[in-house]
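Good morning, and thank you for coming. Please look at the structure first.

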Amino acid sequence: MLDTHDPSTWGPSLDAAVDAVSRGAVIVLPTDTVYGVGADAFQPDAVAAVLAAKGRGRQMPPPVLIPSVRTVDGLAREVPDAARSLMEECWPGALTVIVKAQPSLAWDLGETHGTVALRVPDHPAALALLARTGPLAVTSANRTGEPAATTAAGAEEQLGASVAVYLDAGDSPLGVASTIVDATGPRLRIVRQGGISHARIVEIVGEDAVAGDDG
C-alpha cells in the first residue's frame, strides 16, 4: 500500500507503479470516480490478469484510461463531432466514451467488437501515472458483482494478492462510476448513468445528438 496523497512525496509510489506496469503486473490506482484496477493496455497477458482479478471474462473488456484528449486519435477512428465535444468539455472527468478503435493497434482487451471505451480521469495521481505509462486498461477495483471500492483498503480487501501495487490517495472524490456514452452509432447513446448527468450531455451536444430510449 503506497501513499499518493501529496504530489511532493508521491514520487517513489508512482515509480513503483510504473515499474509494475512495465513488467505486466496489475495495479490499483485512485481516480475521481472509484478506485480502478488496471495494467498496460498493450500487454494482453496483463489485461487478462486484470479480468482474472475481477473474476470477469473477455466478454466484458475493460475501458482504457488515457492522459489527455490528445491521445484519442492514436487509439480511435471516425470519432463523431458530438463525441469530441463531450471529450473537450467533460475531460478530465467522469465520462467514458465508446468509440471505434484503430484497427492497427497491437492490443487485446477482450471481445470489443472493434471498439474501445476511453476516459481521462480527473485525479492528479492518476494523471501523473498515465503521463508516464501511457494508456492503461482500467476497470473498477472490485470483484464482479461486488461494490466498487472507494478506498485503496477496500480494493485490497476484494482483490488481495492479485494486485502488485496499491496506490492510496484516500477516499474517491465522487464515489460513483463514470457515465458511459456509446459514440459508435448515428447518435450518442447513454449506456450507463454516472458522474455526468444526461442533462449536461444534452446541454453540450444538443437533444438531437442523443438517442432516446427507443434507440
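Let us begin with Gly 36, whose bridge partner in E8 is Ser 140. The model is a predicted one, in which local features need pLDDT of at least 70, side-chain atom pairs count only at pLDDT 80 or more, and totals for chains, interfaces and linings use all residues. Residues are numbered from 1 along each chain as its sequence is written, and side-chain values use heavy atoms, with hydrogens and water left out.

Strands here are DSSP runs of E with at least two residues, numbered from the N terminus. Two of them pair if DSSP finds at least two bridges between them. Strand E3, residues 36-40, pairs with E8 in the antiparallel sense over five bridges. Strand E4, residues 64-65, is also antiparallel to E8, with two bridges; there, Val 64 stands opposite Ala 137.

Is E8 mostly covered or uncovered? Four of its five residues are buried, meaning under 20% relative accessible area with a 1.4 Å probe and protein chains only.

Now to the pocket. A pocket is an open set of points on a 1 Å grid over the protein atoms alone, where a 1.4 Å probe fits, with protein on both sides within 12 Å along at least five of seven lines; lining residues have an atom within 4 Å of a point. The largest pocket has 34 lining residues, and Pro 61, Pro 62, Pro 63, Ala 117 and Ile 180 lie nearest its centre. Among the elements that give two or more residues to this lining are E8 (136-140) and E7 (115-119). E7 supplies the largest share, four residues.

Notes:
Buried means under 20% relative accessible area, exposed over 50%, partly exposed in between (1.4 Å probe, protein chains only).
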